[in-house]
Amino acid sequence: MLDVTGLQKIYPGQHGDVEALRDLTFHLGDGELACLVGPSGCGKTTLLKCIAGLMRPTSGSVELAGEQVTGPPRDMAVVFQEYGRSLFPWLRVRDNVELPLKEKRLSKARRRELSDEALDAVGLLKSAGAYPWQLSGGMQQRVAIARAIAYEPRVLLMDEPFAAVDAQTRADLEDLIRTLWKRFSMTVLFVTHDIDEAVYLGQRVLVMSSSPTIIQDDVAIDLPDERDQISTRGEHRFAELRTRIYAEIRNASQPQEAGKQQAAAAE
Ligand SMILES: Nc1ncnc2c1ncn2[C@@H]1O[C@H](COP(=O)(O)OP(=O)(O)OP(=O)(O)O)[C@@H](O)[C@H]1O
Ligand SMILES: [Mg+2]
């Protein structure tokens with residue numbers, strides 16, 4: 001579904017260039033839920049912008065279902081890091097959710113149907129008539145998620161979407177993502193710097209090195225598909241996976257070393 005090949009991004013600057021991404025290659029199959037972790041500033045947002053067609057990579061390519069991404073693809077939705085700024089304060093919740101659907105030229109009745117379904121899925125149907133600023137942070141983030149799923153994307157990209165909500169809301173939203181992922185059969189790429197969150201949510205965790213960035217490891221999360229905040233996080237295997245990823249991120253400061261280790265591990 002998604003093929004990222006040899007992706008490099010260099011930001012030109014007055015005081016020298018910044019090589020945010022060096023050489024990223026990975027593949028996401030149709031319907032996969034993968035998490036991407038890496039230290040702050042390693043280029044996670046840069047990568048998502050390249051995948052979403054919002055930014056041109058310096059070299060390498062992004063393909064969606066075999067087609068080169070050169071601009072925002074129709075089948076993709078993105079939930080950004082700063083949800084506060086991603087909703088329009090002067091539009092009611094429902095109108096925020098329906099806004100991208102207008103571009104799809106859907107009928108009013110169909111737009112309504114999709115927004116009802118999405119708001120219901122995130123538990124906010126009753127707030128359809130409210131303004132975003134009347135809602136709590138966690139509710140606003142659910143509106144952003146509803147807007148993304150109402151669009152019926154085949155691929156959903158999320159950039160640290162729960163960074164600014166409290167622990168309980170965050171746990172609820174994590175479970176919501178897994179429920180929606182199964183229900184709508186989307187391919188999901190979920191960016192986070194929280195290793196526990198990545199292990200809890202993903203079928204796979206891609207580990208990024210620090211800048212200049214490569215994909216340092218690709219860890220299969222072999223936990224049972226039915227996840228539960230208390231029992232899954234208490235499993236021995238959960239602790240093993242998280243320890244492995246923690247150690248890798250700690251060693252991530254030497255991308256060349258990491259590359260050598262990866263090559264050695266592959267042999
Ligand atoms: N528009 C830009 N111009 C120049 N440099 C940039 C730009 N955007 C990002 N960078 C640099 O590229 C690197 C990667 O930034 P990016 O925002 O992609 O990281 P990130 O992994 O998303 O960080 P965080 O975890 O803090 O969200 C950083 O060194 C950053 O300073
Ligand atoms: Mg970021």
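This is a predicted model: local features need pLDDT of at least 70, side-chain atom pairs count only at pLDDT 80 or more; totals for chains, interfaces and linings use all residues.
Residues are numbered from 1 along each chain as its sequence is written, chains are lettered from A and ligands numbered from 1 in the order in which they are written, and side-chain values use heavy atoms, with hydrogens and water left out.

**Overall form**

- The protein contains ten helices and ten strands; helices (H or I, at least four residues) and strands (E, at least two) are DSSP runs numbered from the N terminus.
- Its radius of gyration is 19 Å, close to the 18 Å that the globule rule gives for 267 residues, so the protein is as compact as a globular protein of that length. The radius is taken over C-alpha atoms, and the rule is 2.2 Å times the number of residues to the power 0.38.
- The C-alpha trace spans about 55 × 45 × 35 Å along its principal axes.
- Buried residues account for 51% of the 267 in the protein.

**The sheet**

- An open sheet of mixed pairing is formed by ten strands in the order S5-S4-S1-S2-S10-S9-S3-S8-S7-S6. Its edges are strand S5 (67–68) and S6, each with a single partner strand, so one side of each is left without a neighbour in the sheet. Two strands pair if DSSP finds at least two bridges between them.
- Strands S1 (residues 2–11) and S2 (residues 18–28) run antiparallel and are joined by seven bridges; Tyr 11 has Val 18 of S2 as a bridge partner.
- S1 and S2 make a hairpin with six residues between them, and Gly 16 in the turn has a positive phi of about 105 degrees.
- S2 also pairs with strand S10 (residues 213–220), in the parallel sense and over two bridges. Here the bridge partner of Asp 23 is Ile 214.

**Strand S3 and its neighbours**

- S3 (residues 33–37) pairs in the parallel sense with strand S9 (residues 204–208) over four bridges. In S9, Arg 204 is the bridge partner of Ala 34, and Val 205 is that of Cys 35.
- S3 and S8 pair in the parallel sense over five bridges, and Val 188 in S8 is the bridge partner of Leu 33.
- Five of the five residues of S3 are buried. Both of its faces are covered, with Leu 33, Cys 35 and Val 37 on one side and Ala 34 and Leu 36 on the other.

**The largest pocket**

- The volume of the largest pocket is about 610 Å³. A pocket is an open set of points on a 1 Å grid over the protein atoms alone, where a 1.4 Å probe fits, with protein on both sides within 12 Å along at least five of seven lines; points are joined across faces, edges and corners, and the volume is the space filled by probe spheres set on them.
- Its lining comprises 21 residues, and Met 76, Ala 77, Val 78, Phe 80 and Pro 100 lie nearest its centre; lining residues have an atom within 4 Å of a point.
- Two or more lining residues come from each of strand S6 (76–79), helix H2 (83–86), helix H3 (93–103) and helix H5 (137–150). S6 gives the most, with four residues.
- The lining divides into 16 nonpolar, one polar and four charged residues. Ala, Val, Leu, Ile, Met, Phe, Trp, Tyr, Cys and Pro count as nonpolar, Asp, Glu, Lys and Arg as charged, and the others, Gly among them, as polar.
- The largest pocket lies between domain 1 (2–75 + 153–266) and domain 2 (90–152), because both give residues to its lining. The domain bounds come from an automatic or database domain assignment.

**Individual residues and helix H1**

- Lys 102 is found in helix H3. Its C-alpha atom is separated by 9.9 Å from that of Tyr 151, 49 residues apart along the chain.
- Glu 160 lies in the loop between strand S7 (155–159) and helix H6 (167–184). Its phi is near 40 degrees, a positive value in a residue other than glycine, and Glu 160 is buried, with a relative accessible area of 9%.
- Ser 185, in the loop between H6 and strand S8 (187–192), has a positive phi near 50 degrees, also in a residue other than glycine. At 53% relative accessibility, Ser 185 counts as exposed.
- Helix H1 (residues 44–51) is mostly covered, with six of its eight residues buried: Lys 44, Thr 46, Leu 47, Leu 48, Cys 50 and Ile 51.
- Gly 53 follows H1 and has a positive phi, near 75 degrees.

Technical notes: Buried means under 20% relative accessible area, exposed over 50%, partly exposed in between (1.4 Å probe, protein chains only).
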